[in-house]
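Have the structure open beside you and take the points one at a time.

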Amino acid sequence: MKVTAVYPGSFDPITNGHIYIAERAAAVFDEVIVSVLVNERKVSAFSVEERCEMARETLGHVKNVTVDSFNGLLVDYVRQKRAGVIVRGLRAMSDFEYEFQMALMNRQLAPEIETFFIVTDPKYSYVSSSSVREIFHFGGTVEDVVPRTVYERLKERYNDE
């Protein structure tokens, strides 16, 4: 039986930590859909289209990973994609508490969908998209935590301001 997993997130921008989780998920599941969240309530640095492009560029080497976007309830999207698993990455215990609550809520809404946690590599445990944007914006170095193409897009985005 083919198992499809959805790895949702804002990916604003995608980081090496995200890529690590997607690669690990791809080694476990037959298909992984990296799904970029459309959140109208949040101001993003990059458009949904740009975030999808960056994800496709940086995950193109993983044959069983595709990239898509969604809005609305995650469990509705997972059902629409006929997936049975939600993949979530964990960096620290603080992530676990939030992710555990979300997994329980998703279980309440869709008991047929499993949540699968993947612990990141320790070298990415402090990396988040928001910290990457902030560090870069203030002149810090982020080249070692994002792919080269993402770094180039950050330079374009923030040097145009």
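1. Let's begin with a pair of helices. In this predicted model, helix H2 (residues 48-59) packs with helix H6 (residues 148-159), their axes 10 Å apart and at an angle of about 150°. Angles over 145 degrees count as roughly antiparallel, and H2 and H6 are therefore roughly antiparallel to each other.

2. Which residues of H2 and H6 meet? From H2 come Glu50, Glu53, Met54, Glu57 and Thr58, and from H6 come Thr149, Val150, Arg153 and Arg157. Sorted by class, the contact of H2 with H6 holds five charged residues, two polar and two nonpolar.

3. Now please turn to the sheet. Its five strands run in the order S3-S2-S1-S4-S5, forming an open sheet with parallel pairing. Strand S3 (65-70) and strand S5 (114-119) are at the edges with a single partner strand each, so one side of each has no neighbour in the sheet. On average, and with direction ignored, neighbouring strands of this sheet are turned by 30° against each other.

4. One pairing is worth a look in detail. Strand S1 (residues 4-9) pairs with strand S4 (residues 85-90) in the parallel sense, over two bridges. Here you will find Ala5 opposite Val85 in S4.

5. Helices also lie against the sheet. Helix H1 (residues 16-28) lies across S1, strand S2 (31-37), S3, S4 and S5, and runs at about 125° to S5. Helix H4 (residues 93-109) packs on the sheet too, where H4 touches S4 and S5 and its direction makes about 165° with that of S5.

6. The side chains of Glu99 and Arg88 are joined by a polar contact of 2.7 Å. Setting aside neighbours within four places in sequence, Glu99 is in contact with Arg88, Leu90 and Phe117.

7. Finally, have a look at Thr66 in strand S3. With 37% relative accessibility, Thr66 counts as partly exposed. Leaving out neighbours within four places in sequence, the contacts of Thr66 are Glu31, Val32, Ile33 and Val34. As for Glu143, which lies 77 residues from Thr66 along the chain, the C-alpha atoms of the two are separated by 25 Å.

Note on methods
Residues are numbered from 1 along each chain as its sequence is written. This is a predicted model: local features need pLDDT of at least 70, side-chain atom pairs count only at pLDDT 80 or more; totals for chains, interfaces and linings use all residues. Side-chain values use heavy atoms; hydrogens and water are left out. Two strands pair if DSSP finds at least two bridges between them. Helices (H or I, at least four residues) and strands (E, at least two) are DSSP runs, numbered from the N terminus. Axes are lines fitted to C-alpha atoms, for helices over the stretch in contact, and angles run from 0 to 180 degrees between N-to-C directions. Contact means heavy atoms within 4.5 Å. Angles under 35 degrees count as roughly parallel, over 145 as roughly antiparallel, 65 to 115 as roughly perpendicular and the rest as oblique. Ala, Val, Leu, Ile, Met, Phe, Trp, Tyr, Cys and Pro count as nonpolar, Asp, Glu, Lys and Arg as charged, and the others, Gly among them, as polar. A polar contact is a pair of N or O atoms within 3.5 Å; within protein, one must be able to donate a hydrogen and the other to accept it, and residues adjacent in sequence count only if both atoms are side-chain atoms. Buried means under 20% relative accessible area, exposed over 50%, partly exposed in between (1.4 Å probe, protein chains only).
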